[in-house]
Amino acid sequence: MSQQELIRAPREPQIACIGNITKVMSQGKKQALVVMASGLGKTVTAAFAVKDWLMSNPSAKVLYLCHQSQILTQAKDSVFVPVIGDASRFGEYHGSAKQKNAQFLFASFQTMYGRRKNFLRDEFDYVIVDESHHAPARTYLPVVNYFKPKFMLGITATPDRTDTKEIRDVFGKEIFSLPLEEALAKGLLTSVDYRLVTDEIAMLGKIENPQRMSIRELNRKMFVPKRDNEIVKIIARKIRGVKDPRVMIFCPSIKHTEVLHKLIPFSCLYTHVFPKASKKSESMHFGMAWRTPFLQSISSTKESTFPKLTLSYSFA
């Protein structure tokens, strides 16, 4: 099944959210904030909202802003192009791409911060700010404030920042809010069972260290290998007896991912970082990952990227 077939139409609660966006736009409002828990399809919601708006504004220019180029590419290729169609109208604007004249431009905050004046302030008719809780940041807010579109939509799963900066001062009060706890209560997301698992390495009282190794060296040569082996054993115990288990392991680096890959039979590597790989080979890797019980990743992944998981493990 192709990605276009998978995203054939919005579903609840996306439909309700799109209705609210359309309503505030018809009232003449210039910006809006949408809060949706991860997994509910914020990006899909934004894509269908734009598609509806394009019916009466077919030549309008759209800007999609985010802080990570991987998220930009994934939002463009996996959601917006399948929903809107005609990939030739889409472009990216970040460290390795400068497709400035695209009708639908997917740009990173970091690149746009230094190059925003290469664009007219009203160049874009519709601006989407993904992960919009980052908007109040010192290098992001000037970009948000620079552009003066007909409408600006902020989307996030986590609207409340820990530094007391208020994103509602930028986008206004949320016009649609479905946080994680409510989505779980309504059965819209798979229930979550969080458990803290230790690596079961015993505390050592005294270590003989005649070679005067540093803490970093001790970790690398003694504790990290021991920990990795223990964690593999723990994961094996957790999924014992589970039919067709799916396991995702988040690792802090490519090197660590490769180490665990050797320790876990039939595991598959998945990451957005393929230094010498083509888009085609990445897609092949992705397809392999769907069919293997163990998956190691170092990448930030968008919702709905992977099938239902039996267990996910993240290294602190």
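The questions below take up a residue, a helix pair and the confidence scores.

This is a predicted model, in which local features need pLDDT of at least 70, side-chain atom pairs count only at pLDDT 80 or more, and totals for chains, interfaces and linings use all residues. Residues are numbered from 1 along each chain as its sequence is written, and side-chain values use heavy atoms, with hydrogens and water left out.

Q: Why is glutamine 14 called buried?
A: Buried means under 20% relative accessible area, exposed over 50%, and partly exposed in between (1.4 Å probe, protein chains only). Glutamine 14 has a relative accessible area of 3%, so the residue is buried.

Q: Which residues does glutamine 14 touch, not counting those up to four places away in sequence?
A: Met36, Leu40, Gly41, Val44 and Thr45; contact means heavy atoms within 4.5 Å.

Q: What describes two packed helices?
A: The angle between their axes and the distance between the axes. For α3 (residues 42–54) and α4 (residues 69–84), the axes come within 9 Å and cross at roughly 35°. Axes are lines fitted to C-alpha atoms, for helices over the stretch in contact, and angles run from 0 to 180 degrees between N-to-C directions.

Q: Which residues of α3 meet α4?
A: Thr43, Val44, Ala46, Ala47, Phe48, Val50, Lys51 and Leu54 meet Ala75, Val79, Phe80, Val83 and Ile84 in α4.

Q: Where does pLDDT stay under 50 with 28 contacts beyond four places in sequence?
A: Over residues 299–308. pLDDT is the predictor's confidence in each residue, from 0 to 100, and the chain averages 81.

Note on methods. Helices (H or I, at least four residues) and strands (E, at least two) are DSSP runs, numbered from the N terminus.
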